[in-house]
Amino acid sequence: MRIAVVGTGYVGLVTGTCFAETGNHVTCVDIDERKVNKLRSGKITIYEPGLDVLFERNIKQKRLEFTTDLAEGIKGAEIIFLALPTPPGEDGSADLKYILKVADDLGPLLDKYTIIVDKSTVPVGTAEKVRDRIAANATVEFDVVSNPEFLREGVAVEDFMKPDRVVIGTESAKARKKMEQLYAPLVRQGNPVIFMDERSAELTKYAANSFLATKITFMNEIANLCELLGADVDAVRRGVGTDSRIGKRFLFAGIGYGGSCFPKDVQALARSSDDVNYDFKILDAVMDVNQQQKTKLIPQVKEYFDGDLAGKTIAIWGLSFKPYTDDIREAPALYNIEELLAAGAKVKAYDPEGMENVREIMGDRISMCENMYDCIDGCDALMIMTEWPVFRTPEFDQLSEKLSNKVIFDGRNLYEPEQMKELGYTYVSIGRQTVNPKVKKAVHA
Ligand code: UDX
């Protein structure tokens, strides 16, 4: 099949590359000339494990091409995917300007029956808007289909190639058949392609992400309660997660969710609810709690240093919003760094992939380090913000030697409290009792 993908961000590039891998001819279109030139010369623009191999192979095989010219990009395409950004507008609702602009441009360019697919996460009713905008200028028959993407960053290729399910919103039999053909290689194991109307498909994506964000947030509140009641969130997690109705996944307490999807999508669903005068109370609570959760360790850091961080240097391990990505959008680390700087502390940071992106927005306000041990050298405390595996088993001898105080504030619960006790650390984590709070005046909030 000939396919076009408009937008070469995370979702667009993964979609384009993976559909090329299943034998289609894919042209990716993006207005960013620099990006397109880089991609054309065979250089990948995002860090996503495993994507580079597929990307190189399909460029070589000439199944994957890039252009800035929409007309050229969609020439001969039977299906056009729209994988464009839907950033939050001023009121938090999803801004559709990029999608609707492309819809306007597409109308006059279509020269035969074409399926236009909304891959971006878009509010309910967007497919109708896209259809109207294309119809205003089109002279041929076309269908607009909603096909939300559920891939996770860091495991995007695996998620795309073996999705738990594919959701397709369309009432056109012709579009349904084509989409079934396109996805057939990805669902051979028997995972379902679920067909529904467009509005339900659009809402499914928001419902899934908001539910997951709620699940995490619920556990974060249980964790906060554990600290106050003398319980251990890890034990509680195991106890509740073994109930198959609840499930083991997405129950890890920490310093909140981040990334490009959960924060934006929860907010957008809340705004969509407002638009129809529905007071979706849980969503407001989820957003509030998550915002507080991100910097919940800061008061404890301040308390440890008797309320005065001036002149202190804090080491940060982990900048990306989660491991295996260089994505720092809404990353809890950024909020913590701002609070530390505002309190007069200096910050040294290390992240396996995210440092370049942070440098772009923070410049020399913090120092970036070559490795995780340089990062702690001479620091007064260590804060852990992202659960990269390399942080899970550090050489504690080096840690003890290089850190000025034996104190760790762990936002991702990487270590066993017992072990930290034996090592003589003050160890503050999430939803568990602080270890050795008296090693140096530390008090648990
Ligand atoms: C998410 C959805 O999972 C995916 O289906 C959708 O397409 C896009 O949004 P992603 O943003 O890549 O994917 O990250 P995900 O792995 O879902 O994690 C989201 C956030 O939740 C991260 O900040 C992560 O640290 C946090 N999280 C996750 C927890 O705090 N606890 C958990 O138990 C799981």
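Two residues are in contact if their C-beta atoms, placed from the backbone, lie within 7 Å. By that rule, eleven residues of domain 2 are in contact with 13 residues of domain 3. The model is predicted. Its chain is divided into domain 1 (2–196), domain 2 (205–293) and domain 3 (295–428). The ligand lies between domain 1 and domain 2, because both give residues to the shell around it.

**Domains 2 and 3**

- The side of domain 2 that touches domain 3 has three nonpolar, seven polar and one charged residues.
- The centres of domain 2 and domain 3, taken over C-alpha atoms, are separated by 24 Å.

**Ligand shell**

- There are 19 residues around the ligand.
- Glu153, Phe252, Tyr257, Gly259 and Cys261 come nearest to the ligand.
- By class, the shell holds eleven nonpolar, four polar and four charged residues.
- Helix α9 (residues 198–229) gives the most to this shell, with three residues.

**Cys261**

- The UniProt record, an unreviewed entry, places the feature "active site" at Cys261.
- Cys261 sits in the loop between α10 (233–241) and α11 (262–275).
- Cys261 has 25 C-beta neighbours inside 10 Å, so it counts as buried. The cut-off for buried is 20 or more.
- Cys261 is also one of the residues that come nearest to the ligand.

**Helix α6**

- In helix α6 (residues 126–135), the buried residues are Thr126, Ala127, Val130, Arg133 and Ile134.
- These residues cover an arc of only 130° around the axis, so they are on the same side of α6.
- An α-helix has 3.6 residues a turn, so residues three or four places apart point the same way.
- Asp132 and Ala135 are exposed on the other side of α6.
- The buried residues of α6 pack against two helices, α5 (97–106) and α9. They also pack against the strands β5 (114–118), β6 (142–146) and β7 (166–169).

**Glu370**

- Glu370 lies in the loop between β11 (367–368) and α16 (372–376).
- Glu370 has 9 other C-beta atoms within 10 Å, so it is exposed. The cut-off for exposed is 12 or fewer.
- Glu370 and Glu227 are 143 residues apart along the chain. Their C-alpha atoms are separated by 35 Å.

Terms used. Residues are numbered from 1 along each chain as its sequence is written. This is a predicted model: local features need pLDDT of at least 70, side-chain atom pairs count only at pLDDT 80 or more; totals for chains, interfaces and linings use all residues. A residue is near a molecule or strand if its C-beta atom, placed from the backbone, lies within 6 Å of it. Helices (H or I, at least four residues) and strands (E, at least two) are DSSP runs, numbered from the N terminus. Ala, Val, Leu, Ile, Met, Phe, Trp, Tyr, Cys and Pro count as nonpolar, Asp, Glu, Lys and Arg as charged, and the others, Gly among them, as polar. Domain bounds come from an automatic or database domain assignment. The arc is that of the directions from the helix axis to the C-beta atoms. UniProt positions are given in the numbering used here, feature names are shortened, and annotations may be inferred rather than shown by experiment.
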